[in-house]
Amino acid sequence: MDLSFTAEERQFREELRDFFHTAIPDRIRRKLREGLHPSKEEHVEAQRILNARGLAVPNWPVEWGGQDWTPVQHYFWQDELQQASVPFPVPFNCTMVGPVIAQFGSLAQKQRFLARAANVDDWWCQGFSEPGAGSDLASLRTAAVLEGDHWVINGQKTWTSYAQNADWIFVLARTDMTVKKQEGISFILVDMKTPGITWRPIQTIDGGREVNEVFFDNVRVPAENLVGQVNKGWDYAKFLLGNERTGIARIGISKARMKRIRELAEQELDGDRRLIDDPVFRKKLVSVEIELKALEMTQLRVVAQERHLEKGKPNPMSSVLKIKGSELQQATTELMMDVMGPYIAPFFEEHDLEFGNEPPVGPPDAATAAPMYFNMRKVSIYGGSNEIQRNILAKAVLGF
Amino acid sequence: MDFDFSEDQRLLKDSVDRLVRDTYDFEQRKTYIAAADGWSRENWARYAELGLLGVNVSEDHGGFGGGGAEMMLVAEAFGRGLVIEPYYACVVLSGGLLRHAATAPIQDAYLPGIAAGETLFAFAHHERHARFVAHHVGTTATATAAGWVLTGEKSLVLHGDSADKLLVTARVSGGVRDTGGIGLFLVDTNAVSKRGYATQDAMRAAEITLDGVVAEAVLSLDAWPGIARALDEASAYLCAEAVGAMEELLAITVDYMKTRKQFGRAIAEFQVLQHRAVDMKVQIELARSMAMYATMMAAEDDADMRARAISAAKVQVGRSLRLVGQEAVQLHGGIAVTMEYKAGHYFKRLTLIEKSLGDTEAHLERLATMGTAF
C-alpha cells in the first residue's frame, strides 16, 4: 500500500493542468468559475481543443479515440479539467451515448457516430425520462414499432437537457408490451430533424433554459439505428447510468467552487471584519473541505478497485460517490449563498450578466448564487435519485 | 498510488484477523474482562508470539519493522473484536513515544521489551484541565543531585494500573500550555501512587500521583515535537480502530435486521430502515478513506500538514462513528441498550474514541483556526 502519487503521476497531472489553463480560453473558463453558463458555441470550441489533443473522450476504447490510461490518470484528467473550470465534454456524447455505441453498437454505427460525437460535430441529447417514468424508468411507455425497415416511434420524453442544441437523441423505447417491463425496451438513435419530432422548453426555477419535453408523433427511424439487440436496451441503459455515476461526484467542480467561495469571503466585509475571519463561517467552510477530501479519497479507492472488477460491470460503490458527491455540490451552493447574505435577492437575466448590460448589485457573483442553489437541487434527483442509489446499495452491498 | 497490500501485509492481516475470530467472540471477551488485570495476559503473550507487539518496532529492536499500514491492519482487526488488552497504551502510544521522542540508548534499552511483551508501558500525560490541548503540562520536573524530580497529578492514564513503567510528561520550563519546555521521563510504576478503574468501554485507566518521584531515565527535555508525532500516529490508529468497529457493528446490525421479525416480516424489508443502514455504510466508507489518509499522512515530516490531515480524519471519523453508533442502536431497538448484547459495546467503544486525542469539535476548531483543511 502506498497512497502517495508517483513522480510520473504528479508530472502527468501538472501537464494536464498546464494544458487546461493555457489552451482553453479564459473567457470560457471564467464563465464556469463565476457560475454562468457557456454558450453552445463555447462548449463546442472548448471540446474541439480538447479533442485535438485526444483529451475529449479518454474514457472511450483506444481504437475509437480513448486513452490507454491508468485509473489514476483518468481521475486526474477529470479532476484537473473541473478544477480549471473547463466545460466538461458534452456528457450526452462522451459519457453517455459514446461508450454505449463503442461497447454495443455495430461497426457501421461506430464509424458513423463516434468520431463526430467526440468532436461535437453532432450534439446528442438523452431521451430516457418520461412524465410517468422518473425513478421507475423501466415503466416508460414511448413505443417503437417495426414497420418494414423503419421503427415508428410515438410518445413523449422529458427532462431532456439541451434538446435545443441537439442534432441527435438516443431514445429508450418500448418494443415489446407482452414481457416484463425491463425486457421489452430497446435503445434507438434518432435524428432530431426527423419529421414528427417537436420539443418545448421547460424553464427551471433558477430561470435557466436547460431542460425540455420532446414529443414523438409517428417518427420514422431507419431500422439500422437500433443499438445492439432488440429488447436489450435496459442492459445498455444500466451500463450508461453506471458510467454516469462514477463521474457524477464532480469533486473537481466542488473544489473549484470552494476556492471561489474562499476568494469571495476574503473580500466580503461584515462591518469591518472580513467574512473569512468569522469563526462560525470558517468552521462551515472547513467542514465541507473535510468531506470533500473524504470523498476524493473514496473516489480514488473506487478507481483503484476498477482493475479488480469485471470489465464494464458497474461498481455499486459508485452509488456512494453519487450520494455524497451530489450532497457536497449542493453544500457548496449553500456556502456561496452564506457569502452573499441578503444579496442573493436581486434577479437578473443571465444575458444581462454576461454582457455587463447592468452593473452588479452587491458582491461579485451575487447574482448567480441563488440560481445556482436552486438549480443544483437537481443533482440529488437526476442520474438515479439518491434514494434509488440507496436502494442499489441496500441490495448490492448490504444484501437486503 | 497503490491501495493493494503487499504479500507481507496480507499475511499479517490474515493472521490478526484469524486471531480475533478465534479468540475474541463476545463470550470469550467477557472472561478477559473478568480477569485480575481486567484484560488477558494470555492474549498478550499470544500477541507477542505473533509479532503484533513489535509491528512498528524496527527489526534491530526485535520487531517486525512495519509502518502505518501495518498498524492500520492491526487497529481494524482489534476494532472489529473490541480487543481490550493494553495495545493502544503500550504499543501505539508508548512505543510511538520511544521511537519519536527518545534517544538511541533508551530505544535500545526498552523497545525490545515492548516487542517481546515483557515490559508494559503506559503514557502518563493528561491532566485534569487539559481538555483537548495536548501540550498542556503542569506537572513539574526539577533537576536535583538525585536526578529529575517529578511532582504533579496525571489523569485518565490508560492501563496505568497494570503498567510496569510510565512515560511521564513534566514541565522543565515555560508555562502550562507552552509547547517548549516539556520533558519526557521514565518512571517506575512502583514509585507512584495510583488509583485504577474501569472505563466505559471495558478497558482500564488510572489516576496517578507523582509526589516528588525521581525519574528513572530522561527520554527528552524538549519532547513536544516527538510527542506530537506519536499522538498523530495514535490518532491514525484510533481512526482505523473505529473503522473496524463500525464495520463490525454494521454487519451485526444488518444480520439482526434480516432475522428480527415484526408485523409478520423481517424488518430488513422496510425501505425506510434499509436506507438508514445504507447511510451508515456511506459514513463508514468516508471514514475508511480518511483513516487511510491519516495513516499515510502520519508519516509526513511537515508537522503542519500532518496536523491538518489528522484533524480532518478525526473530524470525519468522529462524525461517522456518531451516526453509525446511534443508528445501530436505533435499528436494533431495545436489545442494543442492554449489557448482554454486543452491539451496545461497540457503541460505547466508538463513543470513547471520539473523545480521545481531541474530539470532533476540537479538531474542527483547530482546522478553522489554521485557515483551511488543505
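Trainee: Hi! Which side chain meets that of A:Lys283 in a salt bridge?

Mentor: The partner is B:Glu361, at 2.6 Å from N to O. A salt bridge here is a side-chain nitrogen of Lys or Arg within 4 Å of a carboxyl oxygen of Asp or Glu. Before we go on: this is a predicted model, where local features need pLDDT of at least 70 and side-chain atom pairs count only at pLDDT 80 or more, while totals for chains, interfaces and linings use all residues. Residues are numbered from 1 along each chain as its sequence is written, chains are lettered from A and ligands numbered from 1 in the order in which they are written, and side-chain values use heavy atoms, with hydrogens and water left out.

Trainee: Good to know. How many salt bridges are there between chain A and chain B?

Mentor: The count between the two chains is 4. There are also 17 residue pairs in polar contact across the interface of chain A and chain B, with both residues at pLDDT 80 or more. A polar contact is a pair of N or O atoms within 3.5 Å; within protein, one must be able to donate a hydrogen and the other to accept it, and residues adjacent in sequence count only if both atoms are side-chain atoms.

Trainee: Which elements of chain A give two or more residues to the side that touches chain B?

Mentor: They are helix H9 (279–305), helix H10 (318–340) and helix H13 (386–396) of chain A. H9(A) gives the most, with 15 residues. Helices (H or I, at least four residues) and strands (E, at least two) are DSSP runs, numbered from the N terminus.

Trainee: And what classes of residue does that side have?

Mentor: The side of chain A that touches chain B has 19 nonpolar, 7 polar and 13 charged residues. In this scheme Ala, Val, Leu, Ile, Met, Phe, Trp, Tyr, Cys and Pro are nonpolar, Asp, Glu, Lys and Arg are charged, and the others, Gly among them, are polar.

Trainee: What area is buried between chain A and chain B?

Mentor: About 3800 Å², of which carbon and sulfur atoms give 67%. Buried area is the accessible area (1.4 Å probe) that two parts lose on being put together, summed over both. The contact (heavy atoms within 4.5 Å) takes 39 residues from chain A and 46 residues from chain B.

Trainee: Switching to domains. Where do the bounds fall in chain A?

Mentor: Domain 1 is 7–89, domain 2 is 124–232 and domain 3 is 248–396. Such bounds come from an automatic or database domain assignment. The C-alpha centres of domain 2 of chain A and domain 3 of chain A lie 31 Å apart. Their contact takes 6 residues from domain 2 of chain A and 8 residues from domain 3 of chain A.

Trainee: How much do those two bury, and which residues supply it?

Mentor: Domain 2 of chain A and domain 3 of chain A bury about 540 Å² between them, 48% of it on carbon and sulfur atoms. On the domain 2 side, A:Ser135, A:Ile205 and A:Asp206 supply 69% of the area buried against domain 3 of chain A, more than any other three residues.

Trainee: What about salt bridges there?

Mentor: The count is 1 between domain 2 of chain A and domain 3 of chain A. Have a look also at A:Lys378 and A:Glu210, whose side chains meet in a salt bridge (2.6 Å, N to O). The side of domain 2 of chain A that touches domain 3 of chain A divides into 1 nonpolar, 2 polar and 3 charged residues.

Trainee: Now chain B. Where are its domains?

Mentor: The assignment for chain B gives domain 1 (7–119), domain 2 (122–222) and domain 3 (225–370). The C-alpha centres of domain 2 of chain B and domain 3 of chain B are separated by 30 Å, and 10 residues of domain 2 of chain B are in contact with 10 residues of domain 3 of chain B. Together the two bury about 870 Å², with 76% of it on carbon and sulfur atoms. B:Phe132, B:Gln200 and B:Asp201 supply 59% of the area that domain 2 of chain B buries against domain 3 of chain B, more than any other three residues.

Trainee: Which residue does B:Asp201 meet in a salt bridge?

Mentor: B:Arg349, at 2.7 Å from N to O.
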